[in-house]
Amino acid sequence: MEETFDGEVRKIWESSSGNLLTKLDKLQSGLRSWAGKIQGDRKRRKTLLNNRLSEILAEDRNEQNMAELVDTKVQLNLEIDKDERYWEQRALINWLKFWDKNTAFFHSQASSRRRRNMIQKLQSNNGQVAENIPDIENIARNYFQNLFGTEGRECCNYLLLGIESNVGISSRMRLITDNILLTYEILHILKQKIMGRKGFMAVKLDMSKAYDRVEWDFVKEIMVRMGFANGLIGTIMECITPVSYSMVINGYKGNKFWPSQGLRQGDPLSPFLFLMCGERLLSLLRLAMNEGNLKGVKASRSGLKISHLLFADDCILFSEASRRGANVLKEILRKYRNSSGQCVNFDNKNTPELERNLVINILGVRSSYNPERYLGLPNMVGRRKKESFQLLKDKMGREVFIKSILQAIPTYTMACFLLPKTLCVEIESIMAKFWWQKGIGRKGIHWCEWRKLCELKENGSLGFRNMCQFNIALLAKQGWRLIIHPVSLLARVLKAKYFSNSSFLNAPLGNLPSLTWRSIWAARGLLRSGMGWRIGRGTEVSVWDDHWIPGKELIGRELQTGNEVELVADLIDAENCEWKTEPVVCTFTADIAEKVLQIPLAKNLGADFQIWRGELSGDFSVRSATIWLLWGARNRLVHEKKNETAEEISVGVKRYMAEIDGIQTEKLSLHRIENRNQEELPSDTTIFFDAAFDASSKKSMAGLVVTDRTGCIVKTMNVSNSNVPTPFAAEAYAGYHAVKLGRSMGFQTVRIKGDSRTVITKCQTNKNDKSVISAIIKDIQELSKQFLKIEFQFITRTQNQMAHRVAEEALRREETVYLGGEFSHDPQDASARRWRRSPD
């Protein structure tokens with residue numbers, strides 16, 4: 001890029017006046033003139049250098065003209081290189097591939113490409129052929145004017161009644177893989193259905209030019225019905241309506257025209273607006289279902305009726321394959337088209353020949369017994385599973401052999417299907433060949449096995465993915481979502497069909513299961529080994545058979561020794577929300593009893609809930625599941641030869657995960673954190689908190705500092721806690737005491753500041769926490785509801801020095817002052833009683 005380019009752009013832009021489009025036009029013409037001047041200067045400079053080179057070569061050789069000769073040649077070569085790069089870009093040809101430095105060659109290629117791209121003639125809809133540019137431009141402009149113009153729409157107020165003012169929970173929780181799994185499950189039922197008088201069909205819709213046909217008035221009506229604020233509606237409409245088009249034919253720019261519909265491709269706002277428009281179709285389908293006109297399809301007798309699955313502009317409709325069912329669908333699609341402007345292209349499946357032909361004739365669709373793909377994945381997989389997924393191997397061409405891309409290719413498919421082991425091995429073989437090859441087409445020596453390269457980086461390996469284990473981990477995530485989101489559409493359909501009387505972890509495989517269910521079911525073992533419990537009331541957790549003590553594997557009934565304790569609830573004093581110390585000490589060994597007493601209990605005991613032990617957050621992740629599988633395989637080997645316990649390996653996994661999370665956190669710039677703009681609360685009070693922790697005694701001390709609007713210290717306090725397992729828990733307890741202090745002092749609005757990013761982040765959300773401090777976070781969230789307004793803000797350790805000193809000093813002196821008291825500072829600390837706030 002030319003060195004003067006930035007300055008030239010700035011100069012033209014600042015000297016231009018008018019609106020944005022006018023300034024862009026002036027910038028375009030200005031840069032064109034600037035480019036012509038640059039080319040002219042280069043040509044003149046090359047001519048001067050060539051002439052000077054000829055003169056020097058004609059002179060006698062001496063030291064002076066030899067130096068000038070070298071300098072002239074260098075400058076001439078630089079100018080030639082610039083010229084070559086220019087024509088290389090014009091020709092779109094990789095000159096390194098051809099190794100040709102002839103600028104005339106590049107010039108001819110660029111000119112030839114330009115001639116090929118010229119539009120010589122264009123045929124209109126009525127068959128007339130235009131050859132001159134104005135006529136060609138007129139035909140093109142008329143076509144796009146018709147495409148982006150609106151037709152008369154039906155009155156559709158009655159359709160708006162079916163549109164909800166918000167999005168349901170099940171819709172928010174649904175992923176693209178849910179649609180794929182549901183579609184596969186229903187098509188599996190349709191394929192297996194061979195008895196009964198009624199047939200069923202799946203109609204796959206394709207919206208013709210979906211974004212181009214969205215009418216702006218239609219978008220506005222939808223937003224009004226969904227409850228958008230008038231100001232926001234106006235802002236959105238201003239973003240999509242002020243647009244004009246003009247046709248550029250062979251460099252000739254035609255007249256402008258203004259559309260009345262259409263969303264711009266690539267605009268980040270367009271997909272959301274299109275999804276809102278899809279609510280009109282959904283409202284029609286819901287109305288038809290409520291009136292009994294549209295019959296959905298069940299995946300099982302007791303399952304839900306499903307009439308449609310919509311993802312962006314991909315839609316599948318399910319109904320009876322009969323004259324009545326076809327007419328109902330056709331009427332729904334006609335109303336949708338007339339009210340929204342959307343045009344539908346069709347596709348269909350299933351049922352007896354006579355009924356099928358009748359449906360095809362009514363809807364005007366193509367028929368297929370085996371629709372090949374939906375959302376990029378196969379809809380039907382027969383006995384030859386390896387052939388069905390052969391496309392994964394074919395995609396791994398030479399152009400995408402980059403590590404991150406190579407391993408990402410099968411991820412989408414693996415999230416829904418359990419691939420044959422032989423296919424996974426072949427995929428790994430392709431990766432291994434690429435890794436060890438010396439160059440294109442040159443084989444290399446495989447110096448170690450692929451499985452060695454798949455070991456963890458902390459063990460000195462490269463951390464490549466073992467495809468079989470990665471496949472199981474992705475499927476385990478689907479199983480995890482069935483457990484965590486039992487009210488989602490996918491979970492309800494699969495439960496009704498496969499495990500109506502049990503949980504997913506205890507579900508049988510069932511008769512004639514679909515491939516997707518067999519795939520998810522195969523991942524139950526991984527979930528069982530990695531799942532644990534967070535304690536609420538303790539009524540659902542077995543003391544001996546469940547994972548519920550952090551850092552401990554199953555206790556085992558060999559330690560029961562006649563003890564009648566069965567459930568964790570037997571060890572909890574429900575009235576005071578604390579552990580029964582004596583039964584705990586009598587039931588377990590000293591080390592286990594210590595860990596039990598360190599488990600936090602909420603002030604209001606809630607239900608027990610399951611968590612994933614492979615992540616400190618308690619949430620399932622494919623990354624941790626893959627590591628869990630690797631460690632599990634290593635465990636089996638280690639237990640046979642070494643005296644290393646599963647507990648120690650589990651701690652090692654969590655330590656590794658914590659190190660990864662720590663590294664990612666440290667990448668954030670403290671300077672950016674300190675100086676970012678944050679919304680200010682109309683609050684005069686700030687409470688700073690920090691914690692000091694004694695690992696030997698498992699005690700912590702919370703340091704609290706209350707300041708007013710001027711930054712002057714109003715109150716300091718320290719509160720002790722015992723049976724604290726980690727510094728992480730100590731920070732959480734300190735945050736709880738800060739909120740409790742604000743409530744006891746009667747504040748209605750307050751800002752809580754601390755230097756523990758994780759604790760602050762957890763307090764900022766209403767999401768149910770699943771980490772080891774979940775009980776403390778729950779208490780903080782419950783207390784926060786008692787404030788009119790409360791804000792949690794992360795600050796650096798430097799900004800939190802006073803609270804830190806209060807906690808450290810109190811822990812050192814072993815002083816405990818409970819809420820309501822005030823900590824006495826040393827005389828030398830008097831200067832610290834005025835504390836500047838962090839910058840706004």
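Strand S17 (residues 686-694) is paired with strand S18 (residues 699-707) in the antiparallel sense, over nine bridges; two strands pair if DSSP finds at least two bridges between them. Helices (H or I, at least four residues) and strands (E, at least two) are DSSP runs, numbered from the N terminus. The structure is a predicted model, in which local features need pLDDT of at least 70 and side-chain atom pairs count only at pLDDT 80 or more, while totals for chains, interfaces and linings use all residues. Residues are numbered from 1 along each chain as its sequence is written, and side-chain values use heavy atoms, with hydrogens and water left out.

**Confidence**

- The chain has a mean pLDDT of 76, with 72% of its residues at 70 or more, where pLDDT is the predictor's confidence in each residue, from 0 to 100.
- Among the elements of the chain, S17 has the highest mean pLDDT (95) and helix H29 (residues 670-675) the lowest (34).
- Over residues 93-100 the pLDDT stays under 50, and the model has 10 contacts beyond four places in sequence for them, a contact being heavy atoms within 4.5 Å.
- Residues 643-650 also have pLDDT below 50, and this stretch has 16 contacts in the model beyond near neighbours in sequence.

**The sheet around S17**

- Five strands form an open sheet with mixed pairing, in the order S19-S18-S17-S20-S21.
- Strand S19 (713-721) and strand S21 (789-794) stand at the edges with a single partner strand each, so one side of each is left without a neighbour in the sheet.
- On average, neighbouring strands of this sheet are turned by 20° against each other, direction ignored.
- Ala692 stands opposite Met701 in S18.

**Helices H1 and H2**

- Helix H1 (residues 5-15) packs with helix H2 (residues 20-58) at an angle of about 135°, their axes 9 Å apart; axes are lines fitted to C-alpha atoms, for helices over the stretch in contact, and angles run from 0 to 180 degrees between N-to-C directions.
- H1 and H2 are therefore oblique to each other, given that angles under 35 degrees count as roughly parallel, over 145 as roughly antiparallel, 65 to 115 as roughly perpendicular and the rest as oblique.
- H1 passes H2 in a right-handed crossing; a crossing is left-handed if the near helix is turned anticlockwise from the far one by less than a right angle, and right-handed if clockwise.
- The residues in contact include Phe5, Ile12 and Trp13 of H1 together with Leu20, Leu27 and Trp34 of H2.
- By class, this contact of H1 with H2 has nine nonpolar, one polar and three charged residues, where Ala, Val, Leu, Ile, Met, Phe, Trp, Tyr, Cys and Pro count as nonpolar, Asp, Glu, Lys and Arg as charged, and the others, Gly among them, as polar.

**Helices H10 and H11**

- Helix H10 (residues 216-225) and helix H11 (residues 230-240) have their axes 11 Å apart and pack at an angle of about 160°, which makes H10 roughly antiparallel to H11.
- Trp216, Lys220, Met223 and Val224 in H10 meet Ile233, Ile236, Met237 and Ile240 in H11, and the residues of this contact divide into seven nonpolar, no polar and one charged.

**Helices H30 and H32**

- Helix H30 (residues 727-744) and helix H32 (residues 774-784) pack at an angle of about 15° with their axes 9 Å apart, and are therefore roughly parallel to each other.
- The crossing of H30 and H32 is left-handed, and their contact has eight nonpolar, two polar and two charged residues.
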